[in-house]
Amino acid sequence: MKKNTFEDNVKRVEEIIKHMESNQIPLNESFKYFEEGIKLIKSCETELESTQGKVLKLLDRDGEITKVPFEGEES
Amino acid sequence: MKQKTISVGKLTKYIKSIFDNDVILRNVLVEGEISNFKLHSSGHAYFSLKDNEGRINCVMFKNVADTVGELKDGDNVILQGNVSVYEKNGQYQLYVKRCQIQGVGDLYAQFEKLKEELSDLGWFDEKNKKSLPKMPVMIGIVTSPTGAAIRDLISVITRRFKNIQIQIYPASVQGDKAPGEISKGIQVFNTMAEVDLIIIGRGGGSIEELWAFNERIVAGAIHDSKIPVISAVGHETDFTISDFVADLRAPTPSAAGEIAVPSLDEIMNRLSYFEDKLTKNIDNKLNVCSQKIKNLKSAYFFANPEMFFIQHAQTLDVLRNTIVNQMRSNLQYKLSKITEKKSRLEGLDPSNVLKRGFAAIRNEEGMYITDLNEIEINAQVDIVFVDGVAKSKIIGKEANYEKKHI
């Protein structure tokens, strides 16, 4: 499975927010968290925007798999 | 010729009696396909039995319907009963006394058997179900590349999340090859390990058409899959073994699409909500801190800094006074000591002794003589008085004079 950094990043952002809200943390640490959170959000957005959606069809020739674009097929 | 008229009711009764007295119609076995099946709330079922050449209305009362499995259009059945006339509408119909579902009956039994077996194995247990990824990056679909299911899936998924990647493993979804191909698809996705979610499914159809998803080999592949599987077979009302084994059952392929991927808009909204929260949080913190600084600035010390110096100046003054006083008293003490010593010294002044009538003897070197042995007969000495010196010569010595005369 491809490493799902996006989901991890979102989870981390949620943690950061929870942490910032619940804990009495010093201001300079807050800034660190804030910076990390914003960075993660931006990278999530970039990831979303940069991923190219595509639909592939797998051709299975005796276990040898090749991928071809799937354009929709008539029945 | 004048013919006697009879009432419709009587005519109908007559026709009915012909049906009822007919040996064949009194007890027939007839085979056909069910259509227009309607189960009335009373529990009685009404439907037609048809084949390529004809059609007959059928009624199956509750007591019979309850003994038969679920019926639906398209089911092939053998019905036993009598044909008679329903007088109210003048239609003849088959009153069903027994019903045997052809083929499907066997399938139903198979279904129940496998379901029970797998359930006993724990394959349906919630605790064994994998959770679906919230944000799949790549989705694998095992279905027919030509069916309605794949079209629905792709359109729903890409509508919600246009950047998603989809891989399709084309498989027959009905017929003899279907179970093998469907399970192979699941295995291939597991071997390639690229997708993070698998959807298997097909559009609606008869129980025979959906049967591949009730096969053990498919159930096994789903159960063995390391990647979460959504099963989306047929319509809302169709349940297959796949649905039970899968990590999630979607009522239809379209619904599977909705479940599988979040909407991109929702995610973007969520991200900007996060950003908002972070910014608000840090703003709050800054406000709190600047308020604290404000409070500190208005604190007594910063508001009245001169007070700090005044206080210290005062302390210095006190210290200085203390030192000066201490010094003064020390000096006085020393002075009194000196005066005391002076008066004691004055008491030791030899001139005072001379004044009282004593004299001192000084030899030629100017040293005062205190001992008789220090002096020789005929030595020149000075007798020192308070007001002068008498030059003298020693003419004799006598020890212990003092004891005798003083």
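Visitor: Which residues does B:Ile199 touch, not counting residues up to four places away in sequence?

Guide: The list is B:Ile139, B:Gly140, B:Ile141, B:Val142, B:Leu153, B:Ile157, B:Ile230, B:Ala256 and B:Ala260. Touching, or contact, means heavy atoms within 4.5 Å. A word on the model: it is predicted, local features need pLDDT of at least 70, side-chain atom pairs count only at pLDDT 80 or more, and totals for chains, interfaces and linings use all residues. Residues are numbered from 1 along each chain as its sequence is written, chains are lettered from A in the order in which they are written, and side-chain values use heavy atoms, leaving out hydrogens and water.

Visitor: Why is B:Thr240 called buried?

Guide: Buried means under 20% relative accessible area, exposed over 50%, and partly exposed in between (1.4 Å probe, protein chains only). B:Thr240 has 1% relative accessibility, so it counts as buried. You'll find B:Thr240 in the loop between strand 9 and helix 8 (241-245) of chain B. Leaving aside neighbours within four places in sequence, its contacts are B:Phe111, B:Leu210, B:Phe213, B:Asn214, B:Ser231 and B:Val233.

Visitor: What makes strand 1 and strand 2 of chain B a pair?

Guide: Strands (E, at least two residues) and helices (H or I, at least four) are DSSP runs, numbered from the N terminus. Two strands pair if DSSP finds at least two bridges between them. Strand 1 (residues 28-39) and strand 2 (residues 45-50) of chain B have five bridges and run antiparallel, so they qualify as a pair. For instance, B:Lys38 has B:Tyr46 as its bridge partner in strand 2 of chain B. Both strands belong to a closed barrel of five strands, 1-2-3-5-4 in chain B, with mixed pairing.

Visitor: Which residues have the most contacts inside the largest nonpolar core?

Guide: They are B:Ile139, B:Ile157 and B:Ile199, in a core of 42 residues. Such a core is a set of buried Ala, Val, Leu, Ile, Met, Phe, Trp, Tyr and Cys residues joined through side-chain atoms within 4.5 Å. Helix 2 (residues 27-50) of chain A gives the most to this core, with seven residues.
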